[in-house]
Amino acid sequence: MSVLIRGGRVLDASSERDADVLIDGDRVAVVGDLTRRSADTVLDATGCVVAPGFVDLHTHLREPGREEAETIETGSRAAALGGYTAVVAMPNTDPAQDARGVVEFVRAQGEAAGLCEVLPAGCITIGRAGEQLAPYAELVDAGVRIFTDDGNGVQDPLLMRRAMEYSLGLDMVLAQHCEVSRLTGGAVMHEGQCCSDLGLPGWPSIAEELMVHRDIELARLTGARIHLLHLSTARSVELVRAAKSDGLAVTAEVSPHHISLTDDALRGYDAVFKVNPPLRTAVDIAALKAGLADGTIDAIATDHAPHPVEDKERPIDDAPPGMLGLETALGVALGELDLPLADVVAALSWKPAAIADVADRHGTPIEPGNPANLVVFDPRERWQVRPAALASRSRNTPYVGRDLVGRVRHTVFRGTPVVIDGAAQR
Amino acid sequence: MKHLRSIAEIGPAAVMRLLDLTDTMVEVNQRPNPKVPALRGKTVCNLFFEDSTRTRLSFETAAKRLSADVMTFSVGTSSVNKGESLRDTIETVAAMGVDAFVIRHRSSGVPWQVSRWTTASIVNGGDGWHAHPTQALLDAYTVRSALGRSGGLDGLQVAIVGDVRHSRVARSVTEIFRVLGADVTLVAPATLLPPVPAAPVTDDLDSIVGKVDVLYLLRMQRERMTEALVPSLREYSGRFGLTPERAHRLQDHALVMHPGPMNRGVEILVDPAELPGAVITQQVTNGVAVRMAVLFDLLGNEMEETR
């Protein structure tokens with residue numbers, strides 16, 4: 001089957017130019033002026049950017065275990081609609097992704113859905129309990145590259161040191177959820193003015209920064225490669241900037257909500273705005289954006305975290321943290337970031353692809369012979385999210401009533417258009 | 001006024017109106033038959049997800065003196081967690097025809113959540129660490145009447161002492177005294193203050209005890225001892241308790257207040273009966289009149305009905 005993407009502006013890690021793209025099978029065949037060519041399917045890209053598909057380092061697909069919130073199929077559909085051709089499935093499933101059988105199940109469910117590549121992450125510790133290392137070599141052998149206890153930080157410094165040391169010979173990266181949990185007991189939101197006014201227990205910035213600092217120093221000691229998940233504070237950005245200038249193998253991500261929303265959003269006590277780490281302040285947002293601009297922060301990762309309506313309607317201290325992100329990430333990033341378009345796409349596509357070790361097939365330059373995992377988006381379209389129209393099984397988007405800028409028109413996964421004109425094809 | 005969820009939300013004009021209306025209700029309560037038909041045909045539902053006999057009885061009495069029909073629903077949080085959701089509980093009760101819900105809940109913010117699910121008026125009977133606006137109103141009313149003031153409380157020096165961080169009373173009382181023009185100082189160690197306190201702070205009670213017009217003591221909960229917030233109750237009492245020595249230094253007209261229930265020997269180390277300025281009983285008495293004023297303001301139609 002052939003697909004022709006006509007009239008767009010092709011943007012990848014190596015260049016930006018006006019060109020048509022012909023796909024044959026699962027590969028890019030020709031890039032250039034193809035005005036006179038035809039194909040089985042022709043996708044209009046007028047006014048649009050044609051880029052390598054996005055890669056999300058941080059997606060909660062909830063299957064197995066919480067299928068009432070999301071399934072691998074519904075989450076994959078949300079991902080495709082958001083322009084993603086690969087997502088890293090976080091391992092806080094039930095059972096947790098700490099054994100070959102579970103990660104093989106997740107991968108197979110992703111293949112069955114056929115909307116994007118689902119890359120199961122593995123746990124750092126068995127059952128994410130923070131006590132015993134997961135079998136890294138076995139999981140690496142099953143294709144796992146990112147290991148995390150996300151949802152929990154690894155509290156024990158000895159265990160984290162051992163995890164880093166043991167990881168050294170293996171093709172893997174340890175991704176930390178930075179939270180010293182003794183400092184965040186019962187926490188609902190950022191510790192500051194707003195939590196003081198609202199009478200809610202605070203989640204202090206220092207609880208993140210202490211673990212960022214600890215893990216950077218452990219990485220310095222061991223030489224391990226680490227990735228820091230969903231950074232949320234100004235001081236965390238400074239710590240990572242210093243670590244990178246020291247030449248350490250540290251990468252970091254930021255979530256769209258941490259560059260677009262502040263703790264003031266909690267003033268109506270709507271648990272849709274409860275997330276972990278919490279929404280912080282305008283000062284933190286400015287620092288996170290600066291971190292993206294200078295490359296201290298490598299990637300934008302959604303932390304897509306579906307929850308059913310009834311869970312988000314519980315009293316706010318009892319409601320689970322997390323918000324949807326896959327279908328709105330591009331619109332938030334382009335609306336919020338005053339960066340060259342290529343830098344935004346880099347943070348959504350080829351930089352996370354390198355961290356997830358899938359740069360052979362995602363985020364690759366759009367050149368003949370390369371895998372055809374592509375996104376076509378209109379960078380100027382303004383739109384508003386309608387919860388009922390989301391492909392996710394859940395509705396907990398924090399962006400209702402807010403203008404987003406930039407919308408996915410088509411997504412091509414392994415040469416097949418899985419989204420055409422904003423509509424999922426399967 | 002549609003709801004009374006916090007003092008900050010209703011603002012100064014409504015606070016003054018409610019305090020003035022309380023005068024009327026105090027007069028009603030002094031009649032031989034302290035009952036008026038003002039809210040006949042209205043239904044008030046007390047929804048107490050957290051035990052509080054005093055506040056519940058005070059609201060029940062207030063509603064009955066205004067001739068409202070009263071439903072009282074006391075539920076432990078555990079039963080709600082296990083079974084019916086908060087929303088289902090509210091929608092079910094609301095379907096029976098309720099004009100106002102009085103809600104007490106251990107979680108901050110529940111009155112705001114609930115008001116998204118019903119058209120009834122919401123009265124916050126205390127939510128988490130956040131707010132307790134009827135307590136604040138009765139405290140302000142008590143000060144106003146004890147000091148013979150009729151308008152605001154401009155220039156009044158108020159010290160609020162103790163566990164401000166975990167106290168909905170402290171938050172609402174701070175708000176109302178500031179709204180009325182008083183100068184509030186919070187007296188506590190940093191461990192018992194919120195991250196960003198709403199008023200100036202000191203940890204030296206002795207430096208201000210001789211200057212205040214109102215000394216407001218908060219309840220010190222014994223379970224705080226396990227959380228490394230203070231070294232011991234003994235040290236707390238020594239630094240922040242009302243000792244006989246401090247009581248002697250109070251100005252003659254100074255008022256001593258406490259929201260109850262008191263921990264004698266912890267925050268108060270003298271017998272309140274021997275303190276001329278103690279108005280702790282008046283606080284309770286005024287609670288009924290203040291809650292009548294609130295319910296009438298939310299649900300009443302015509303002032304004439306109270307005459």
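The model is predicted. Chain A holds 12 helices and 19 strands. Its radius of gyration is 20 Å, close to the 22 Å given by the globule rule for 426 residues, so chain A is as compact as a globular protein of that length.

**Overall form of chain A**

- The C-alpha trace of chain A spans about 65 × 50 × 40 Å along its principal axes.
- Buried residues make up 59% of the 426 residues of chain A.
- Of the contacts in chain A between residues at least 6 apart in sequence, 76% join residues at least 24 apart.

**Five-stranded sheet of chain A**

- An open sheet of five strands in chain A has the order S9-S10-S13-S14-S15, with parallel pairing.
- Its edge strands are S9 and S15 of chain A, each of which pairs on one side only.
- The bridge partner of A:Glu253 in S15(A) is A:Ala299.

**Three-stranded sheet of chain A**

- Three strands of chain A form an open sheet in the order S6-S7-S8, again with parallel pairing.
- Strand S6 (54-59) and strand S8 (117-120) of chain A stand at the edges with a single partner strand each, so one side of each has no neighbour in the sheet.
- On average, neighbouring strands of this sheet are turned by 20 degrees against each other, direction ignored.
- S6(A) pairs with strand S7 (residues 84-89) of chain A in the parallel sense over four bridges, and A:Asp56 stands opposite A:Val87 in S7(A).
- Helix H2 (residues 100-113) of chain A lies across S7 and S8 of chain A and runs at about 170 degrees to S8(A).

**A loop residue of chain A**

- A:Asp294 lies in the loop between helix H8 (282-293) and strand S15 (299-300) of chain A.
- A:Asp294 has 10 other C-beta atoms within 10 Å, and is therefore exposed, the cut-off being 12 or fewer.
- The C-alpha atoms of A:Asp294 and A:Val405 are separated by 22 Å, the two residues being 111 residues apart along the chain.

**Helix pair in chain B**

- Helix H1 (residues 7-29) of chain B and helix H7 (residues 168-179) of chain B have axes that come within 10 Å and cross at roughly 30 degrees. The crossing of H1(B) and H7(B) is right-handed.
- H1(B) contributes B:Ile7, B:Ala8, B:Pro12 and B:Val15 to the contact, and H7(B) contributes B:Ser172, B:Glu175, B:Ile176 and B:Val179.
- The residues of this contact divide into six nonpolar, one polar and one charged.

**Interface between chains A and B**

- In the interface, 18 residues of chain A are in contact with 20 residues of chain B.
- Helix H5 (residues 193-198) of chain A supplies four residues, the largest share of the side of chain A that touches chain B.
- That side of chain A divides into six nonpolar, six polar and six charged residues.

Note on methods
Residues numbered from 1 in each chain as written. Chains lettered and ligands numbered in written order. Predicted model: local features only at pLDDT ≥ 70, side-chain atom pairs only at ≥ 80, totals over all residues. Contact = placed C-beta atoms within 7 Å. Helix = DSSP H or I, 4+ residues; strand = E, 2+ residues; numbered from the N terminus. Nonpolar A, V, L, I, M, F, W, Y, C, P; charged D, E, K, R; others polar. Axes fitted to C-alpha atoms, helices over the stretch in contact; angles between N-to-C directions. Left-handed = near helix turned anticlockwise from the far one by under 90°. Rg over C-alpha atoms; globule rule 2.2 N^0.38 Å. Buried ≥ 20, exposed ≤ 12 C-beta atoms within 10 Å, placed from the backbone. Pairing = 2+ DSSP bridges.
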